Structures are given as C-alpha cells and as structure tokens.
Amino acid sequence: MSSPPPPPPPQWVVDLSSPPAAKPKSTAIPDPPGFSAASTGNRKQVSSSKTTTRAPPTTEAMDTLKLKKAWEVALAPVKQLPMTAFMMYMSGNSLQIFSIMMVLMAFKNPAMGLMGTNQAFEKFESEGLKGKLLMVKAVYVVMNILALALGFWKVNGMGLLPTTRSDWLAWETAREPLEVAIPAF
Amino acid sequence: MRLPINLLCLALSVLPCALAVYADEAYNVDYHHELLGLPQPHTTFFHRPRQHDKATLLYTLSDLGVLGAVNPGTGKVVWRQFLADNDTASPAGFLRPVEGEGAVVSAVQNRVDCWDAMSGREKWGNVFAGQVKDLEVMEHAAADETKDVLALFEDDGKAHLRRLKGANGDVAWAYKDGSEDIPLQVSTNIREVFIVSLHGSWGGYNLKITILDPVTGKKTNEYTLSTKTDIHSPDDVLLVGANSASPIVSWTDKAMKHLKVNILGRSGDIQSLPLKESDGEIVKVMLHAPHLVQSLPHFGVHSQSAVSNRADVYHINLASGKIEKEYELPKLPGPGAISVGCSNANVYFTRLTEDEVILVSTASHGILGRWPVTIDTPHGSLIHGVSEVVQKATDVYAVRSAVVTDTEEWVLVRNGNEAWSRPEGLSGAIAAIWAEIPESKSLAKSLEVEAHSNPFRPERFLSSILPQPTSHTTGSLSKDGFGFSKVVIVATQRGRVYGLDTGNHGSVIWSLQAFNLPAGKKWNVKGIWVDNSRGTATIRGSEGEYVLLQTATGDNVETMPPGSSPPVTSTAIVDGPSGKWLLPIGVDGNPGEVPKDWVPNEILIVQSADGEIRGLKFETKGLDTKLIVAWTFHTGIGQKITSIVSRPTHDPVASIGRVLGDRTVLYKYLNPNIVLVTAVSDISSTASFYLLDSVSGSILYTTTHTGVDTAQPVTSALTENWFAYSLWSDVLSTSASMTAAKGYQILIFELYESAIPNDRGPLGATDNSSSLEPSEVPNAEPALPHVISQTFLIPQAISHMSVTSTRQGITTRQLLCYLPSSNSIVGIPRALLDPRRPVDRDPTTLEQEEGLFRYQPLIEFDPKMSITHAREVYGIKDVITSPALLESTSLVLAYGVDIFGTRVSPSMAFDILGKGFNKLSLVATVVALGVGVAVLAPMVRKKQINGRWMTS
C-alpha cells in the first residue's frame, strides 16, 4: 500500500527555499521613490561603483603582491617573539594562572601554526610562485619552531620539564629485601 | 598510581607544618581519662578545704602514688599531684587531713609534703633518709596554732620518729629508737605519742609500744605485748587507731575466733573480743574507728565470710579502759562495705551492700536512714568506701559514700543513688594496642542505620551539610568513613583489660578481669597482638599466662592461668605456614619447641639472659626443626643494653628519595631490617647507640656519648630512614671549634644510600637487596648508609618517643615526645629536626626551596607544639599511633596513669574539610546559581529568538 502523495508545501516553505532573486548590485536604475534601502547598501553601491573603474592587475604584479604578503605571514610569528620573551621573563618562574596561560599560548600558537602551514599559504598558491613559496613555508616553519623553543625555554625555567632525576623518582622502586627479621623485644 | 602520590608528596613539602591544635579541635578530637588510681582505704577521706565552708572535697592517695582531690558532686578532679616519680615498687603512701586548717599532708617513700587542700599547691616539703612508715597529724590543745605532723621512718632498720612543724615542715624534735625493731605505726592522743613496732624475728613478733612525750620527744615509757603466736608479719596487725580519744591496737588470733585489743598506754591489758561466725569461716576482719579526737571512742568490727558479712559495735569506757559491746549489725548476704563518718562527737557507720544503704549511729542501734541502692550499671560488689554524714534535721540525715567496687570503679552513692562513677581501674595501663572494629559487626550496624534513615529525608541531607561533631554519640561501636573509630585494648597492671572506643571519646566499651593478682603484684604483660581478621586479641604475661578475647565485645575466649606454661621474656609476631601468630620467647631468648606447622620463616632477634642480642633462624629438616644462632651482638665492656627499637610494623615510605633544591635526589637508606640498640654504662657515664642490620648482625652505624647522666631518661625512635634519641649529657669543649654543651639533647640521624646525589650507593640499581650477600663478590662488606646527623638542645627531659604513622606514609612524620616534667606530649615537626639545616649561615635559594632554614641549637618546646594543649597527662609509659583512613591523620593514644587520645595531622588536614569550611554557603551559592540559570535561561533564549526574528 503506497502512502498518499505529500501535500503541497505551504507558501512560506516555498518562499523560504526560493527567496526572491538578489538585487543586481551594479544597476543604474534608481530606486523607486519611497524605497528605504539600508545605508550600508548605499555605501556598498558607491564603493563597488568605484572599483569598477580600476583596471584588474596583471598576473605578475599579483604574484609579486602575493609573495610579499606570504613573506609577511611567514615572518609574523617571529615579530611577536621579543614581546613574548619579555613578558615571559617578567612573569617569573612561579606557577600562576598568568604564567600558565602564557605558557599554554606559547605552545598553542606555534603548534597550530605548524599544523596549518599549508592552509596559511593556500591563498597565495599560484602556478608561478610554487618554488618561491616553498622557501617561504620553510622560513615559516623555522619561525614557528623558534616560537616553540621559547615556550620550551619558559617551561624549563618553570621546572616543568622532566629532565632531572627527581622527575623520574616516582617510577623508581625501593629494593626488595630478600630476608626478613622479626625483633622480639 | 605512583605518580599522584609523589606529586602529593611534592605538594605536601610546600605546605607549612601544622604546629598548633586548633581551638575548635581542642577538647573535641581529643579525650582524656584523668585518673588517680585505685583509692586506698586508709588514704581516702572527705575533708573541708576551707575551714568555714561546709563544702567538702574527696581526697585520696592512690595505689599509683597519685594524690588528688575530687569534687564529690560531679566526680571531676579538682587537682592532682603525682608523687611517685620513679616507678620502683608500689609506693605505700600516707595521706592525712589537717582538720580545720585546709591542708592535707602526704608521705610517700622518703618525703613528707603538705598541700593546700583547695588549690593543691605545695605548702612545704621535706625529704629524709629511709622509708616512711606512718604519718599522723598531732592535735593541739591550743586551737590557734598550726598542727604539727608526726612522721615515722624506717632508716637502716631502726625507727626514726620526727615531729615536723606544721607551718614550715622543719623538724621540731626527732626520736631515734636504738633497737632493731620493725617500726609499724605511730599514734597519738593529745597527751602522749605512741610508736607501735614489731619486736622479734621472722616467725613471730611481739608488739612493742614506746610512749613519748609530745613536747620534748623523750621516751617516757615502753611496754611489750606478747603476741608471738598471732602476729607473723606487719599485715597481721589490723588497726592502730589513729587520732582518737583512745587509740587502740588490735589483731586477731590465728583461727580468727577472737579479736585482741589493747588500748594504747595501758600496758599488759589485752582484751579479747569474740568474733561470731556467720555462714562459714571468717575470711576478713576490718576495724572501723573515728579519726577525730573529739569523737566518741567507739569502734566497729566488720567481719566477712565468703558469702555474708556482719558487724559489731563496741564502746570504750575512757575511765576504766573497758571495752563493751554495744550492739551488732545483723548478717547480710554478700560482701558489704562499712564506712565511718564523724561529725563532731557523733560517729556514724554507713553500711553499704549492693542493694541497700543503712546509716546507724554508734550510740544506739536504731537505724537513722535506709535507702535502696539504684545504680545505673552493675559495678560488682563493693570493697571499701568512705562516707560523709550530714544531719539535716533531728531525724533527717543525708549520706554520701565513695565506694571502690569489684570492677575497680570508684562510685559515689548519694542517699542510695549513684551520683557518678570513675573508671579508676583504667589507670596504671602497661600495654595497649589498636584493633579495627570487626567488619561483620560494623557492616551489620551500618546497614541497620541505613535501614532506619531514608536517604531522601531532609535531616539526613542537612546532616551532611551542617557542621557536625565527627564522633558518633549513639554509644554503639561502628566504623566511620575516615577511620577515626577504632578499638584500643588496654591492659592494666592490676590484671584488667579494657576496650576503648576512640570514635566515641575513648569511652570504655567493655572491661574484663583477666587475672586475679595477689595484692601488691603487678601484671607484667610481655606481648599483645590483635588478629583483625578474626577480631581477637591475645595478651601474654611474663609467667606464661595468656588471655584470648574478642576485641569488639571483650568476651573471654580462652584463658591460661599463670604458671601453666614456661615463663615468657618477650614475644614476636611471626609468620608461619599456618598464618601469623604471637610466638612467646622464653628465658635466655629461647623460643622453645615450635610445632612444625607454626615454624616462623623469618629470622628472630632475641635478647639472651646475659644481655647479648642474637639472631635466630629455624631450619626445618624433614620433621624436626632446628634452631640456629645466625649472629650475636655484644655491647662494649661495662655497658648494658637498655632498649632496642625497630621500625614500626606499619611503616610505609611514599618516596624513596629526598629531592634537593637543585632537583637531584638523595636516595634514602630503606632497610626494613634494622634495629637501634641503646647501651649505657653507669660507671663510665657513657651511652652508645648501635644501628644493626638484624639479618646479618653487622653494625651499620654507631655513636657514643660521654658525660651522660644515665639516671636521666635515654629514649630513642626509629622509622623510615631516620632515627632520633634524647639524653642528658655534659659535653666538654675539646677543641676551639667545638663548644661545650650541658643539658638535655635530642639527636637526629638520617640515613642515605650515598653521599652523592643521584647515586644509589654501592648496591647500584639492583631490585633486590640481601643483607647476607650484599653483592656478587663473595664476603663483600655490607652496604653502609651515609649518615647525616645534627644535635639540638631541648629544655626538658623526654621520657618516651614515638612517631606518627599514616596510611601511605606521604604525610611527614612527627616525633611525639612525652615530657614528664610538664606532663605533656609535644609533637616535634620533622622540618625542625632536619639535620641538613645550614649551620651558621642563612640558607641559599636552593636550600630555601627545599624547606630548610637556619640551624638554631635550641628547640624550645613551644606550647603550640603540645598536642595535649591545656591538659595534663600523668605518668605516660608509652604512646602508640595508628593510621586512619585519611592519609593526613594519625591516631595517637598515650597510656600510663592517664589515658589520653587524639588525632594529629603533621602536614595539616589536607584531605578533609575543616570545621571552618562553610558547607552551607557553598550549597547556598550553588542553589542560587541554579535558580539564576533557571530564571535567566528562558529570558535569554527568548531574547535570542527575538533578535533573529525581529528586525527592528
């Protein structure tokens, strides 16, 4: 037994799924009188009308721009290093919420950066930049590792790295005596 | 699992040390049985501490030598003085009231003291040569002078009587008897002083009465009573009447058929009074006479047979010296107690039996008052007592009697009703042990409680929030969540065993007379052991006797009387093929024959008769077991071993190393088989301490001190990787760098595997250690520990040391020391006793990180260190500790004359919320947050939806 065909969707569903077509942005037809458009729409209209006047850049110029931008991205981690180092130095080696958060950030940011190396340079990817971008990426990785090293330096300073004998004391066991003597006094 | 423990360890070392007992914990977590000992019949009395005040206090000098005043209304101790400082034999003490002066005079051993009756402060004290035999207060004809005291001493076998001035204790005159007679007692009426002594030799004595002039102390007369057939020892003389108008001396003939009486001062006049038998032979005759001069010269003779008791009342005719029987008190079943009460001239006898109190006057046989006895709990039969009689109206009397009972309780019966009872039998404890509350019992109890309380009922919820006393008050034995509730089994020198509930302020849950010891004999407990899986405790005495009892109920499972098995010098808990058991060690350190199934696997360390220490090993070959002496240890010449301590049986170590400031590790020397032997030499005034490996017998470390006062206490404690001892020594300066030091010292020694950090010593990283073959190399030297030590000066002697014990050993240990001179127990924190504290310089940053601070030679016993705070604990023999379920807390019990118990947390209570924690505000905050969320959530949701949908 087949179920009866579903009833036609209500009007609001139809409206929702097929909204009225967006207004073309660059139209010369003025709005009818009394139409109150949002002010942003007006400005957008103005700016978009301006861009239309500029000539599109050439591929080479675009590549140069992209490379410049990519270098900026690659060197970004190292730019904040002096500031981070100074703050780390100032915050001391004690375990406080401030220094703990700082250390967490110091680890999180470079790690996230390293993981997202390709994504960071995805928008600069183009045919002509392939070789040069590899170089930029390598510098980016090095910079991130540098930031990470700063984090390690801080953690070590705080004594959180298990580098000493005392950190492994918990896994050492006392010697089991083979003989047992019982005092009777 | 090990990581959190160690992290916790690290965290704990950061915490400051708990020094104080918090004000809200004092008197709440701790409990104290303020005891006196069993009151003696001749040293217990009611006395007015203030002359013009009618209120009286009850004074006693107990069998333990504790002098105390008890408020007869409440049963609380008003003041106490501990007179028997050294525990040489049972002190026969004397205590007399100074009538009308608000003072009591005591004499114990070789000293006579006068105490203020109200405050217990000493008025004067005087020490003489010899042993005190009797003490009497002289009545003056003149009322305004302070009353003098007569003290009879036996010095070098001769009687020595001194009259001491009542104002300052100076000797007014002294009389020395030339003969070798045994001085017995002194007695006085106002005109004459009598010395009663035993004349003769072993087997039979005559009574010699010497009469002295009270003013000059010159002998005026002396006469002898022929009593050779009747008196064989000083105990056969029943009574020498003390201060009364007509003092008497009396004794019975051998068959207990007649009572012989001599009125002192009347030579050759022995009057014979018949003793009437009732229900079989008379076993005990007691005389009761008034102690006041102004009282009528009446006395009562109380004769007890095995099943009943009766009494006769006699009058002395002062003019003729005739003794006439006035009337008799009829026979009553069971043993009873008769006590005498005087008020001015009237003399009253109070007759107490288990169900009735009868008051009679000695003047006539009419019963003045009769009260049925209502007692809350059975105390057994009454042994002896003292009474105070007050005449309220012509025919209305009130009487209160303090009675010592068969169960060694001191009960005050006021007009037949029990006012209070004191468990005085608990005093004089000689051994104690912790026992867990048996599982089955506690489970059944908690289920029962659970069944009665609905978890959804509000009071149960509230009870978990609101601050509540941690101890249960229901009176039944049950476990608590923190493990504070345990049973302590205490054995006393009088042969009684008590069970105390530590969760309920140390209340007595059961008591048991394990053995009936003859008078004057002390029970010598050699071993006490609890089998928690069976819920039984075994106590072994020195004469081969033992008792096996249930820890929860005190039911006697098995008793073996003294002498039924060979004498025992010590015991050890050993592990044989059939499980753990308490092995008795006989004379000369010989365990004797051990059945094959019970042969211990371990090496036994025993002490032989000549003082040497032996390691014994059992070797089983087929059916026979052979005992092999594995090693022996002798001390130096002239030294004798005074104590041997080993690590406690429960001594867990959480961290095997000590982390230094630069985060390197000094590895602890953790050998469970070590014993610390203390040997002193009285002649050369030296004390040596030997640290022995108890498997191989090799000496691991030794120290010797010169200039030690061996009469002062030398005590030691050994745990984990450190030991401490204290002594009095006079160290002379031998070099410029060493300064002289004289006084009490405490020394601390820490043992490490190696002096170099991060080094595990000669044994390297091996997993096992054998004391017999320390390394692969044959006949190698034992791995000796590296020892760091430090000496501190302390202001007082320490007579006993013990160490707190916790469940996992994470909490730092505290050294608990009993200070006899201030009657308190101090807990010295380990951080104070650290031998690594920098000397003569401030600590470096790394050392500060380790928690070290500059060395100060003197450790002051700050009152904040005292775990007994304001309480005074007397005569502590031993302090035992036990872990609670909470890691932070250790249970402590001190026993001796008093019983004191508390809980200590040496690293602060880090795993339990303090009383100050406001649970109510926490819950209120959570509830308020919940309400806030419930109210705000729909509002926010509405706002968000509106924000999406409403454009303007």
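In strand β19 of chain B, Ile248(B), Ser250(B) and Thr252(B) point one way while Val249(B) and Trp251(B) point the other way, and all are buried; strands here are DSSP runs of E with at least two residues, helices are runs of H or I with at least four, and both are numbered from the N terminus. A residue counts as buried if 20 or more other C-beta atoms lie within 10 Å of its own, as exposed if 12 or fewer do, and as partly exposed in between, with C-beta atoms placed from the backbone. In a regular strand the side chains alternate between the two faces of the sheet. β19(B), residues 248-252, is mostly covered, with five of its five residues buried. The model is a predicted one, in which local features need pLDDT of at least 70 and side-chain atom pairs count only at pLDDT 80 or more, while totals for chains, interfaces and linings use all residues. Residues are numbered from 1 along each chain as its sequence is written, and chains are lettered from A and ligands numbered from 1 in the order in which they are written.

The partner of β19(B) is strand β20 (residues 258-263) of chain B, which is joined to β19(B) by five bridges and runs antiparallel to it; two strands are taken to pair if DSSP finds at least two bridges between them. Across this pairing, Thr252(B) stands opposite Leu259(B). The two strands form a hairpin with five residues between them, and in the turn Met256(B) has a positive phi of about 60°.

Further along chain B, strand β32 (residues 410-414) has four of its five residues buried, so it is largely enclosed by the rest of the structure. Strand β31 (residues 397-405) of chain B pairs with β32(B) over five bridges in the antiparallel sense, with Val404(B) opposite Trp410(B). Four residues separate β31(B) and β32(B) in their hairpin, where Glu408(B) in the turn has a positive phi of about 60°. Five bridges also join β32(B) to strand β33 (residues 417-422) of chain B, again with antiparallel strands. Here Arg414(B) stands opposite Asn417(B), and the hairpin has two residues between the strands, with Asn415(B) taking a positive phi near 50°.

A three-stranded open sheet in chain B has the order β58-β59-β60 and antiparallel pairing. Its edge strands, each pairing on one side only, are β58 (800-803) and β60 (824-829) of chain B. The twist averages 25° from one strand to the next, where axes are lines fitted to C-alpha atoms (for helices, over the stretch in contact) and angles run from 0 to 180 degrees between N-to-C directions. β58(B) is joined by four bridges to β59 (residues 814-819) of chain B, and the bridge partner of Met801(B) in β59(B) is Cys817(B).

The loop between β59 and β60 of chain B holds Asn823(B). Asn823(B) counts as partly exposed because it has 18 C-beta neighbours inside 10 Å. Leaving out residues up to four places away in sequence, Asn823(B) touches Glu872(B), Val873(B) and Tyr874(B); a contact requires C-beta atoms, placed from the backbone, within 7 Å. Asn823(B) and Leu83(B) are 740 residues apart in sequence, yet their C-alpha atoms are 13 Å apart in space.

From first C-alpha to last, α5(B) reaches 45 Å, close to the 45 Å expected at 1.5 Å a residue, the expected span being 1.5 Å times one less than the number of residues. A kink of about 30° lies at Leu936(B), shortly before the proline Pro938(B); the bend is the angle between axes fitted to the seven residues ending at a residue and the seven starting there.

Between the chains, 19 residues of chain A are in contact with 41 residues of chain B. On the chain A side, β1 (176-177) and β2 (181-183) each supply at least two residues, and β2(A) gives the largest share, three residues. Strand pairing also crosses between the chains: two bridges join β1(A) to strand β56 (residues 768-769) of chain B in a parallel arrangement, with Asn768(B) as the bridge partner of Glu176(A).

Taken as a whole, chain B contains five helices and 63 strands. Buried residues make up 42% of its 952 residues.

Terms used
Two residues are in contact if their C-beta atoms, placed from the backbone, lie within 7 Å.
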